[in-house]
Amino acid sequence: LFRSYLGLPALSPLKLKEDAGLGGLEGGGGITSVVTRDDGDEPNEEEKLRLLARAASPRSIYLQACIDRELPPMPALVMRQKMTTVIDLKHFGLGDAMGCAFAEALEHLPLVESVNLCDNSLTDTALYPLIKALSKIPSLRELDLSRNKIDEKASDALSEYLKDPSCPLVKIVLDCSDVDDGECDNFVSC
């Protein structure tokens, strides 16, 4: 699981077999019946563990994304004090690399109603995947992207999200965001 974190070579891509079910995970049947490699070869134990860790939980997805990017995970993104529907990351200084890692896990978090990403030094590099992930959360009601730099890609993604008839947002905050007129025009008309 921690191969790339330890500087070892990356493993080949894996995927779950669509028709495999969970039989390989129960009753000691082994993991081999649920995973395959893209090249058709039998995956080794490390590859099996990597796939299962990614499929296990949003936390595992986030940790693997951090390992893949050689980033130290942020404890606040891994540990929760209490069950809540609010993700408040204002002033965390996430930056683009950590924002992208978080975006991979974000859509898998259950019952999220509010996300505050204010003042995290985010640009299109992270905002685009974050907005794409946020658009897959049917319970999201509030979004705060204040004090981040919203350029063309993020603006287009936000516009696409807001134009979607199934978009559940009722409040979006862009206070002091760096948004140019042309980019702002994309989503203001929604």
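**View 1. Residue classes in the lining of the largest pocket.** The lining of the largest pocket divides into 15 nonpolar, 3 polar and 4 charged residues. Ala, Val, Leu, Ile, Met, Phe, Trp, Tyr, Cys and Pro count as nonpolar, Asp, Glu, Lys and Arg as charged, and the others, Gly among them, as polar. The model is predicted: local features need pLDDT of at least 70 and side-chain atom pairs pLDDT 80 or more, while totals for chains, interfaces and linings use all residues. Residues are numbered from 1 along each chain as its sequence is written, and side-chain values use heavy atoms, with hydrogens and water left out.

**View 2. Centre and surroundings of the largest pocket.** This pocket has a volume of about 550 Å³. Of its 22 lining residues, Ala76, Leu77, Met79, Arg80 and Ile87 are the closest to the centre. Two or more lining residues come from each of α2 (58-68), α3 (75-78), β3 (86-88) and α4 (95-106). A pocket is an open set of points on a 1 Å grid over the protein atoms alone, where a 1.4 Å probe fits, with protein on both sides within 12 Å along at least five of seven lines; lining residues have an atom within 4 Å of a point. Grid points are joined across faces, edges and corners, and the volume is the space filled by probe spheres set on the points. Helices (H or I, at least four residues) and strands (E, at least two) are DSSP runs, numbered from the N terminus.

View 3. The buried residues of α2 are Pro58, Ile61, Tyr62, Gln64, Ala65, Cys66 and Ile67. Buried means under 20% relative accessible area, exposed over 50%, and partly exposed in between (1.4 Å probe, protein chains only). Just after α2, Glu70 has a positive phi of about 55°. Glu107, in the loop between α4 and β4, is partly exposed at 30%.

**View 4. Asn116 in strand β4.** Asn116 belongs to β4 (residues 114-116). Its relative accessibility is 13%, so Asn116 counts as buried. Asn116 and Ile87 are 29 residues apart along the chain, and their C-alpha atoms are separated by 6.2 Å.

View 5. The 12 residues of α6 (residues 152-163) should span 16 Å, at 1.5 Å a residue, and the end C-alpha atoms are 16 Å apart, which agrees. The expected span is 1.5 Å times one less than the number of residues. Ala154, Ser155, Ala157, Leu158, Ser159 and Tyr161 are buried in α6. Lys153 lies over the face of Tyr128, 4.6 Å from the ring centre; such a charge has NZ of Lys or CZ of Arg within 6 Å of the ring centre and within 35 degrees of the ring normal.
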